[in-house]
Amino acid sequence: MSMSGIEVDDEVVGIFNAIKMGHKHKYAVFKIANASEIVLETTSNEADYAKFVDELPKKQCRYVIYDFTYTIADGERSKLLFIVWAPDSAGIKDKMLITSSKDAVKKKLIGIGKEIQATDLSEVSEKEVTAQVTAV
């Protein structure tokens, strides 16, 4: 349980493991339901990163697990991202809940490659995320 008292639904862990172990989805989006539980909102196999970014809610916070693929000099790599989407336009209560529950979610999701915290679209752009995952 998080400091905010919000529980992580078992399905969240199951979907995370399906992405991590079997690459069953490209990404999964989770939300806080009834200010009490983190639940699955949607999964997708859409490989177009730009489409994923376009689908992020403009005024609501979300957690995302994304199986991110990128290319470096010696070939293609992938990293499991944990994106905390808390847009500036979201309500203050929503932003407080998403940030105070983050550590509880991370504890349940063993094997996250990189955490990305984003408050606007530029921080979750493919260029910015690639720069973050390739930084030494």
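Rings of Phe, Tyr and Trp (its six-membered ring) pair if their centres lie within 6.5 Å; planes under 30 degrees apart count as stacked, over 60 as edge-to-face and the rest as tilted. By that rule, ring pairs join Tyr27, Tyr49, Phe52, Tyr66, Phe68 and Tyr70 into a cluster.

This is a predicted model, in which local features need pLDDT of at least 70 and side-chain atom pairs count only at pLDDT 80 or more, while totals for chains, interfaces and linings use all residues. Residues are numbered from 1 along each chain as its sequence is written, and side-chain values use heavy atoms, with hydrogens and water left out.

## Aromatic pairs

The whole structure holds 9 aromatic pairs. One of them is formed by tyrosine 27 and tyrosine 66. This pair is stacked, with 5.5 Å centre to centre and 10 degrees between the planes. Tyrosine 27 lies in strand β2 (residues 27-33) and tyrosine 66 in strand β4 (residues 62-72), so the pair ties together parts that are 39 residues apart in sequence. Helices (H or I, at least four residues) and strands (E, at least two) are DSSP runs, numbered from the N terminus.

Are these two tyrosines buried or exposed? Tyrosine 27 is buried, at 2% relative accessible area. Tyrosine 66 is buried too, at 1%. The cut-offs are these: buried means under 20% relative accessible area, exposed over 50%, and partly exposed in between (1.4 Å probe, protein chains only).

## Salt bridges

Side chains of opposite charge can pair when their charged atoms come close. Here a salt bridge is a side-chain nitrogen of Lys or Arg within 4 Å of a carboxyl oxygen of Asp or Glu. A search of the whole structure finds 5 salt bridges.

| Basic residue | Acidic residue | N to O distance |
| Lysine 51 | Glutamate 46 | 4.0 Å |
| Arginine 77 | Aspartate 74 | 2.9 Å |
| Lysine 102 | Glutamate 115 | 3.1 Å |

Which parts of the fold does the bridge between glutamate 115 and lysine 102 tie together? Glutamate 115 lies in strand β6 (residues 114-118) and lysine 102 in helix α3, so the pair links parts that are 13 residues apart in sequence. Both glutamate 115 and lysine 102 are buried. They also belong to a network of salt bridges that links Lys102, Lys106 and Glu115.

The other tabled residues have these accessibilities. Lysine 51 is partly exposed, with a relative accessible area of 42%. Arginine 77 is partly exposed at 33%. Aspartate 74 is exposed at 55%.

## A negative patch

Asp48, Asp54, Glu55 and Glu126 gather in a patch of negative charge on the surface. Patches are made of residues with over 30% relative accessible area and no salt bridge, and like charges are joined within 9 Å. Asp and Glu count as negative. The place of a charge is taken as CG of Asp or CD of Glu. Glutamate 55 is exposed, at 55% relative accessibility.

## Positive phi in two loops

Where do residues other than glycine take a positive phi? Histidine 23 is one, with phi near 50 degrees. Histidine 23 lies in the loop between α1 (10-22) and β2. It is partly exposed, with a relative accessible area of 49%. Alanine 35 is another, again with phi near 50 degrees. Alanine 35 lies in the loop between β2 and β3 (37-44). Its relative accessibility is 41%, so alanine 35 counts as partly exposed.

Lysine 31 is in strand β2. At 30% relative accessibility, lysine 31 is partly exposed. Its C-alpha atom is separated by 9.4 Å from that of threonine 42, a residue 11 positions away along the chain.

Methionine 96 is found in helix α3 (residues 92-108). At 53% relative accessibility, methionine 96 is exposed. From methionine 96 to cysteine 61 the C-alpha to C-alpha distance is 9.7 Å, and the two are 35 residues apart in sequence.

Definitions and conventions
Patches are made of residues with over 30% relative accessible area and no salt bridge: like charges are joined within 9 Å, nonpolar side chains (Val, Leu, Ile, Met, Phe, Trp, Tyr) within 5 Å. Accessible areas come from the Shrake-Rupley method with a 1.4 Å probe; for residues, only the protein chains shown count as cover.
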